[in-house]
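User: Please go through the surface and the charged pairs of this structure with me, one point at a time.
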Amino acid sequence: MSKKPQIDLSNLFSGAEYSQEVHALETKITELQAEIEQLRSVGSQQVETKVQELRSTLTSGGVIDISVEQIDPNPDQPRQTFSPESINGMMVSLASDGQQEPIILIEQPDGRYLLFDGERRWRAALQLQWGTIKAVIIPCPEALHRRVLLANLHRENLNPLDMAEALIKEIAQTSNLNEQDIPRILRTAVRRLERQGKTNQISEIVVVSPESQQEVLAELELNSSEKSVLSVLLSLQLNPASINTNIFPMLGLAADLKQAMRTQGLGGIQAIAVQRCNAKALGIKEAEAKKVRAKLVKRILQEKLSVAKTRALVSSEISSYQKEQAKGSTPSRATSMIRQVQEIAIDNMEQQELEALKVALASKLHEIESMLSPQ
Amino acid sequence: MAIRLALLSNAGGSGKTTLAVHLAYLLGNAGFSVALVDLDPQGSCSLMGGLPRPHPDQTIAAVLQDDFQGNWPTTPLWSDEVKNVVAVQGEMGLVKTINELVLHERGAYLLGDRLSDYPLPQDILIFDCPATLGPLPLIALSACTHLLVPIQVEPKSADGAGKLIEWFYHNSRRLRLKPEPQILGFVPNQYDKTIAIHRNILASLEPQLSKLSIHCFQAIRFSSEFKNASALGLPIHLYRPLHPACKDFTPIVTKITQLLKKSKSS
């Protein structure tokens with residue numbers, strides 16, 4: 001009895017859910033921000049309630065300690081004068097009772113923060129020589145996208161193909177590297193680190209602070225592209241070596257296998273195993289090979305084959321084709337010649353070159369014909 | 001302002017044009033004036049509306065040119081049956097438009113610009129878009145007030161629909177659309193209840209959409225009569241008025257009628 005066709009819509013729609021959530025949150029924050037600016041400009045008393053609402057919306061993202069040095073006062077702050085008395089009052093309150101309410105900061109693309117609310121607390125903290133101050137953050141749009149990505153990456157049912165594509169996009173955005181070059185850059189870097197026996201140093205810094213990650217990265221012999229690929233991965237708390245082995249290879253899968261992963265739930269490692277059944281390995285045309293893969297995928301899904309069993313199944317499939325090939329095989333010298341002829345890339349050739357090639361092949365054909373049927 | 005309804009989907013063959021043509025007819029028949037705007041280079045609205053291929057300067061492509069003077073190229077649809085439905089036809093010239101939109105300084109907003117400079121008089125405008133989420137769907141998104149998403153109850157179309165929602169939120173923000181277009185709902189299409197995967201997807205689609213607070217309309221059934229009707233350039237209601245599929249459109253038409261009455265009274 002074969003399994004009923006099933007499709008996991010919640011997986012297909014998970015990205016949609018995240019983008020809706022982020023969109024709603026962002027809209028709310030933007031609205032509150034605009035309202036507060038408006039209320040401030042007319043000197044309304046309602047500012048505090050709105051600020052409170054914004055603060056609680058943002059608190060869902062977490063209250064964090066931000067170094068006071070990383071904070072810039074807002075040049076648009078309507079209240080430009082802060083009397084020494086009011087700052088002193090705040091210092092006393094902070095020193096005796098601690099910080100009751102987090103300040104509100106706007107995240108800047110350069111990694112610094114702009115004050116939105118709480119300038120008095122910040123100035124008082126500076127004078128008290130506090131190292132950090134409790135804050136909630138209004139994220140910049142780039143950071144919001146990153147948050148979506150992070151939430152997505154640590155989702156259980158994210159398939160490795162979607163993950164690979166999301167990572168490539170993220171790396172390309174932050175580093176200006178070409179999307180198609182990124183897997184190769186990572187591969188080169190990881191292989192070199194392996195040769196040098198330094199992969200451990202990388203896996204040890206996956207969950208440390210970004211600063212410590214940068215320190216370690218600086219000591220390894222990496223070029224700038226390699227460094228940016230590795231630091232994006234590390235900043236997402238991902239191990240570059242494992243991404244290189246388990247995630248990026250998904251990008252090279254045949255289209256039919258990608259489709260099977262997305263819509264039928266074929267596992268990534270299984271897909272990689274089935275990928276071995278390509279036209280070349282089986283000695284058949286690509287369309288035929290696709291059918292073979294479809295048959296294998298169906299069986300893997302129906303029988304829920306483990307990785308080991310999948311690999312065994314694929315190997316036996318390939319060897320059965322290779323035996324058949326050996327039976328009816330052409331003599332080996334001719335085989336390699338035939339392949340050379342078949343693989344001549346004529347797509348980008350000039351007219352003249354094509355003409356010359358045609359003449360050469362025709363004359364060779366003539367020779368062959370005369371050899372086969374001597375007059 | 002008129003209701004501007006964009007029909008968008010992220011997969012070919014999901015029934016956009018069929019839905020567009022039928023809604024145009026049904027709303028016209030209900031007494032509203034309708035303009036069906038074909039943003040698809042394939043120009044399938046012409047085929048399904050029984051119109052001959054348009055002259056290139058009598059299409060939506062001409063409207064999007066910089067020298068447009070406000071003379072909208074409208075052609076009556078089914079004029080023997082309804083008096084107030086017109087089409088603004090699309091055709092291959094739109095392929096060139098796609099490239100021009102990319103370079104135009106108001107590219108993504110061009111259709112909205114034309115409509116605010118030279119408004120169409122109709123109560124409702126229906127934008128039929130091509131399947132690929134490129135520049136043409138984008139001008140429809142920025143110009144529309146409401147979205148309707150036809151979805152074929154098959155894996156590829158379902159996958160595409162999920163991505164369409166991401167595209168929608170991403171671009172609403174990127175284009176700073178204010179007010180944001182409302183998603184009127186999803187319309188499951190070409191539904192065949194004898195096919196297991198159709199039942200399966202339809203059953204999980206509704207709860208999935210309700211999680212996102214998106215309405216899911218009653219499915220429109222599969223019938224080859226849709227194809228037969230389209231070959232004659234007719235909606236199924238004119239070709240087989242008693243066919244059970246005719247009723248499948250009722251909830252959508254009711255919903256749009258409510259919107260139209262609300263916008264007229266306000």
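User: Which residues make the nonpolar surface patch of about 380 Å²?

Analyst: This is a predicted model. One member, A:Ile344, sits in the loop between α18 (332–342) and α19 (351–372) of chain A, and its relative accessible area is 34%. Patch residues need over 30% relative accessible area. The patch is made by A:Val341, A:Ile344, A:Ile346, A:Leu354 and A:Leu361.

User: Is B:Ala61 buried or exposed?

Analyst: B:Ala61 belongs to helix α3 (residues 60–63) of chain B and touches B:Gly93, B:Leu94 and B:Thr97, leaving aside residues up to four places away in sequence. Its relative accessibility is 7%, and the limit for this class is under 20%, so B:Ala61 counts as buried.

User: What is the distance between the closest N and O atoms of A:Lys50 and A:Glu53?

Analyst: Both residues lie in helix α3 (residues 47–59) of chain A, three residues apart, about one turn of the helix. A:Lys50 is partly exposed at 21% relative accessibility, and A:Glu53 is partly exposed at 31%. They form a salt bridge, with the closest N and O atoms apart by 3.4 Å.

User: Which residues are linked with A:Arg55 in a network of salt bridges?

Analyst: A:Arg55 forms a salt bridge with A:Glu101 at 3.5 Å between the closest N and O atoms. This pair links distant parts of the chain, 46 residues apart, with A:Arg55 in helix α3 and A:Glu101 in the loop between α4 (84–97) and β3 (103–107) of chain A. A:Arg55 is buried at 4% relative accessibility. The network links A:Arg55 with A:Glu101, A:Asp117 and A:Arg121.

Definitions and conventions: Residues numbered from 1 in each chain as written. Chains lettered and ligands numbered in written order. Predicted model: local features only at pLDDT ≥ 70, side-chain atom pairs only at ≥ 80, totals over all residues. Heavy atoms only, no water. Patch = residues over 30% accessible without salt bridge, like charges linked within 9 Å, V, L, I, M, F, W, Y side chains within 5 Å. Areas by Shrake-Rupley, 256 points an atom, 1.4 Å probe, with all protein chains shown as cover. Salt bridge = Lys/Arg side-chain N within 4 Å of Asp/Glu carboxyl O. Helix = DSSP H or I, 4+ residues; strand = E, 2+ residues; numbered from the N terminus. Buried < 20%, exposed > 50% of the residue type's maximum accessible area, 1.4 Å probe, protein only. Contact = heavy atoms within 4.5 Å.
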